[in-house]
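Biologist: Before we start, I would like the terms tied to the values. Please show me what we are looking at.

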Amino acid sequence: MADHEKRTAIVTGGGRGIGAAIAERLAKDGNRVGVIDLRTSDTEATVDRIIKAGGEAVGVGADVADADAVATAVQRIADDLGKPTILINNAGILRDNLLFKMTDDDWDAVIGVHLRGAFLMSRAVQSFQVEARWGRIVSLSSTSALGNRGQANYAAAKAGIQGFTKTLAIELGRYNVTANAIAPGFIATDMLRETAERIGMSFEDFMTAAAKDIPVGRWGQPEDIAAAASFFVSDEASFVSGQVLYVAGGPKA
Ligand code: NAP
């Protein structure tokens, strides 16, 4: 890809797990990548791998739930890499608990990072997308959007992401900006390691048990999600908008 044709993508929560895989995949696809994570130091490993592979990336520390931090981070990436037209809303946290034990903080923190974070980031990036008359927004939902014990906060946030995505698709379509969501099933990352720990299982046993109910007979890898993100942000996907793609090794609805 010629240098002037390169686009700038932003991946939130890109320091590890699914976000890191998406950042590396989008860089391999020829995009410059701004990697946002809570602290700049959290982004270094991802940025180093992209640069070593011949790509261009910059890491910025920001809490996606903080409006000022988001505005500063997006402007910094625009200044360093060029105006961003691709956004991946991936940053996420878990604060699982049964409803009667779920605290106000558990609720607010999860809604804050996933929903407020996706809102603030999308609002900041859409001005560049509308100006460019081209853009892609991909947000991470989850199979938990369909309901999951111990995750009233997370399920509500991930279902909210789906409504948010469809609305962005309707509002921004006229500017050639598409918005889609990916809803992963079981993907081997630290997030699920945390879940296994909470319920007192080894990560291996937890994932092996999960794989028994997955039609393709295995759990997912971050690269499985990166492949879906790569499709959604491609030029070829310009007529695909407002969709939720379950990437879970089998059907979900
Ligand atoms: P992960 O390994 O826990 O990584 C999440 C990343 O988000 C971390 O780097 C984390 O930073 C960052 N982050 C958290 N809060 C943030 C904030 N306020 N501002 C900026 N960055 C923040 O999780 P993952 O498994 O890769 O999940 C990525 C996304 O996929 C999430 O939205 C998750 O809900 C979704 N998802 C995952 C699965 C799965 O099976 N793993 C399934 C369905 C959906 P720190 O390192 O500083 O904490």
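Modeller: A crossing of helices is right-handed if the near helix is turned clockwise from the far one by less than a right angle. The model is predicted, and the crossing of helix 3 and helix 4 in it is right-handed.

Biologist: What angle do the axes of helix 3 and helix 4 make where they cross?

Modeller: The axes of helix 3 (residues 67-81) and helix 4 cross at roughly 40° and come within 10 Å.

Biologist: How do you know that helix 3 and helix 4 meet, and which residues are in contact?

Modeller: Contact requires heavy atoms within 4.5 Å. By that rule Ala-67, Val-70, Val-74, Gln-75 and Ala-78 of helix 3 meet Arg-116, Leu-120, Met-121, Ala-124, Val-125 and Phe-128 of helix 4. Sorted by class, the residues of this contact are nine nonpolar, one polar and one charged.

Biologist: Why is the pair of Phe-186 and Phe-206 called edge-to-face?

Modeller: Rings pair if their centres lie within 6.5 Å, and planes over 60 degrees apart count as edge-to-face. Phe-186 and Phe-206 are 5.8 Å apart centre to centre, with 65° between the planes, so they are a pair and the pair is edge-to-face. The count of aromatic pairs comes to two.

Biologist: What makes the pair of Phe-186 and Phe-206 a tie between parts of the chain?

Modeller: Phe-186 lies in the loop between strand 6 (177-184) and helix 6 (190-198), and Phe-206 in helix 7 (residues 203-211), so the pair ties together parts that are 20 residues apart in sequence.

Biologist: How many cavities of 30 Å³ or more does the structure hold?

Modeller: One. A cavity is a space where a 1.4 Å probe fits but cannot get out. The largest cavity has about 80 Å³ of space. It is lined by 14 residues, and Asn-89, Asn-90, Ala-91, Val-113 and His-114 are the closest to its centre. Helix 4 (104-132), strand 5 (135-140) and helix 5 (152-172) each give two or more residues to the lining, with the largest share, five residues, coming from helix 4. The lining of the largest cavity has seven nonpolar, six polar and one charged residues.

Biologist: What makes a residue part of the lining of the second largest pocket, and which element gives the most?

Modeller: A lining residue has an atom within 4 Å of a point of the pocket. Among those that line the second largest pocket are Lys-6, Glu-24, Arg-49 and Glu-56. Helix 1 gives the most, with three residues. The lining of this pocket divides into three nonpolar, four polar and five charged residues, and the space in the pocket is about 160 Å³.

Methods:
Residues are numbered from 1 along each chain as its sequence is written. This is a predicted model: local features need pLDDT of at least 70, side-chain atom pairs count only at pLDDT 80 or more; totals for chains, interfaces and linings use all residues. Side-chain values use heavy atoms; hydrogens and water are left out. On a 1 Å grid over the protein atoms alone, a cavity is a set of points where a 1.4 Å probe fits but cannot get out, and a pocket is an open set with protein on both sides within 12 Å along at least five of seven lines; lining residues have an atom within 4 Å of a point. Grid points are joined across faces, edges and corners, and a volume is the space filled by probe spheres set on the points. Helices (H or I, at least four residues) and strands (E, at least two) are DSSP runs, numbered from the N terminus. Ala, Val, Leu, Ile, Met, Phe, Trp, Tyr, Cys and Pro count as nonpolar, Asp, Glu, Lys and Arg as charged, and the others, Gly among them, as polar. Axes are lines fitted to C-alpha atoms, for helices over the stretch in contact, and angles run from 0 to 180 degrees between N-to-C directions. Rings of Phe, Tyr and Trp (its six-membered ring) pair if their centres lie within 6.5 Å; planes under 30 degrees apart count as stacked, over 60 as edge-to-face and the rest as tilted.
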